[in-house]
Amino acid sequence: MEVKKERNSNFELMRIITMFMIVLWHFIRNGPMPQHIDGSLKIILIFLNALIEIHICSFVLLSGYFQYNKKMKLSKVITLNNSIWFYKALIPIILISLGLVSIDKITFLKLLSPIPHKDYWYMTTYLILYLISPLLNIIIENTNKRQHKLIIIMLILLFCILSIVTNEEFYKMNYGYSLTNFIMLYFIGSFLHKYPIEKSTIFKSKNKEYIRFISIITFFTMAFIAAIIEIASTDISSTNGIVGYFGYVLHQSFTAYNNPILILQAISYFIFFSTLNFKSKMVNNIAKTCLGIYLIHDNEYLITFIFKIFNMYYEGPYKITLFSKIFIISIITFLGCMLIELVRQFIFKLIKNLKISKRINKNISNQFNNLLINIQ
């Protein structure tokens with residue numbers, strides 16, 4: 001009997017840490033604190049944001065890294081959509097039944113729809129990216145290293161540099177909240193897989209410890225630069241005239257998901273984990289709950305409820321201890337969502353193993369094949 005090999009846990013650990021960054025970021029950004037603090041607390045907040053804002057870019061890099069040489073699976077699309085729909089519909093229903101929220105009929109019907117809406121912009125964009133990944137993979141598979149590099153450079157010039165310089169008047173990237181940005185990151189992630197950093201001309205004679213050191217230095221340097229730019233641009237934007245407008249453009253651009261500093265920071269973060277080599281069943285199992293953690297805590301009705309429970313809507317005065325409070329709340333939320341997702345996975349596994357479920361899945365696959373939609 002063939003023994004199933006345990007999956008390497010380096011990127012699984014990255015998923016966990018990155019998901020915690022998302023939870024922490026949502027609690028910081030969605031509350032009143034960013035608008036009502038100043039002085040040293042504001043500077044601390046800006047530097048903290050600069051360290052954790054790489055989360056979205058990091059997850060998309062992972063998608064490009066692992067998906068570029070794989071076939072698209074209908075089962076994965078269905079599983080992802082079912083997970084989104086489950087939490088999108090269930091959480092509001094529970095909160096309504098408990099009398100904690102009130103939702104109009106039209107909104108409620110949208111929540112019951114299995115089609116993702118704006119509720120989870122990242123998941124909707126990711127699903128589209130996954131569906132078009134076979135087309136992207138054809139390009140990637142038929143390009144050499146030089147061509148692949150040129151594609152990435154061109155995408156960065158068009159959708160990062162020109163987007164920043166023109167304040168999105170050249171091409172609307174929606175500050176990185178877009179499929180275009182995901183496609184660019186997908187190409188970068190696939191490049192990192194096809195051409196590992198340790199085999200590059202610069203690092204092929206270096207050991208992994210050296211590469212990790214460089215990636216850490218790059219990560220914190222980029223975060224520092226981003227924070228300084230945000231602080232400076234905030235001050236400049238408060239002035240009048242051209243200088244004020246320049247500060248505004250700088251601030252908008254360098255707090256976006258498609259700014260080159262953030263992308264370089266995310267790449268260095270990614271490279272650090274790519275050099276690790278260890279296996280942990282616990283880490284791998286926790287990583288499997290990351291999607292659920294995202295879907296639960298980022299539900300607009302639940303996160304509002306969490307804010308009320310922990311009294312996070314007050315407008316000050318704020319003290320340094322508030323950062324500790326937010327950190328603790330983020331840990332509690334992360335663990336709570338993880339447990340809920342483990343229960344959901346257990347229930348869904350039982351349902352999936354039912355004969356009727358297997359029959360339905362088989363019929364759906366046959367229908368797709370009959371319509372010549374070959375997902376593989």
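Predicted model: local features only at pLDDT ≥ 70, side-chain atom pairs only at ≥ 80, totals over all residues.

Modeller: The second largest pocket draws at least two lining residues from each of α8 (145-165), α9 (179-194), α10 and α12. Among these contributors α12 gives the largest share of the lining, six residues. The space in this second largest pocket is about 660 Å³. Its lining is made up of 25 residues, and those closest to the centre of the pocket are F191, L192, I197, I267 and I271. Sorted by class, the lining of the second largest pocket holds 18 nonpolar, five polar and two charged residues.

A water-sized probe rolled over the atoms shows where space has been left empty. Four cavities of 30 Å³ or more are counted in the model. The largest cavity holds about 100 Å³ of space. Its lining has 14 residues, with E53, A226, F254, N259 and L262 nearest the centre. Two or more residues of that lining come from each of α3 (39-52), α10 (208-237) and α12 (260-274). By class, the lining of the largest cavity has eight nonpolar, four polar and two charged residues.

The second largest cavity contains about 80 Å³ of space. It is lined by 11 residues, and P32, M33, M312, L322 and I326 are the closest to its centre. The elements that supply two or more residues to this lining are α1 (10-29) and α16 (321-352). In the lining of the second largest cavity, 10 residues are nonpolar, one is polar and none is charged.

Now the wider structure. The protein has 17 helices and zero strands. Of its 376 residues, 45% count as buried. Among contacts in the protein with a separation of 6 or more, 83% are between residues 24 or more positions apart.

Helix α5 (residues 74-97) has 24 residues, so at 1.5 Å a residue it should span 34 Å, and its end C-alpha atoms are 34 Å apart, which agrees. The buried residues of α5 are L74, V77, L80, S83, I84, Y87, K88, A89, I91, P92 and L95. An α-helix has 3.6 residues a turn, so residues three or four places apart point the same way. The buried set of α5 includes the run L74, V77, L80, S83 and Y87, and it also includes K88, a lysine. Just after α5, G99 has a positive phi of about 75°.

Last, the cysteines. The structure has zero disulfides. C57 counts as buried because its relative accessibility is 0%, under the cut-off of 20%. C290, with a relative accessible area of 4%, is buried as well.

Terms used: Residues numbered from 1 in each chain as written. Heavy atoms only, no water. 1 Å grid on protein atoms, 1.4 Å probe; cavity = no way out; pocket = protein on both sides within 12 Å on 5 of 7 lines; lining within 4 Å. Points joined across faces, edges and corners; volume = space filled by probe spheres on them. Helix = DSSP H or I, 4+ residues; strand = E, 2+ residues; numbered from the N terminus. Nonpolar A, V, L, I, M, F, W, Y, C, P; charged D, E, K, R; others polar. Expected span 1.5 Å × (residues − 1). Buried < 20%, exposed > 50% of the residue type's maximum accessible area, 1.4 Å probe, protein only. Disulfide = S-S within 2.5 Å. Contact = heavy atoms within 4.5 Å.
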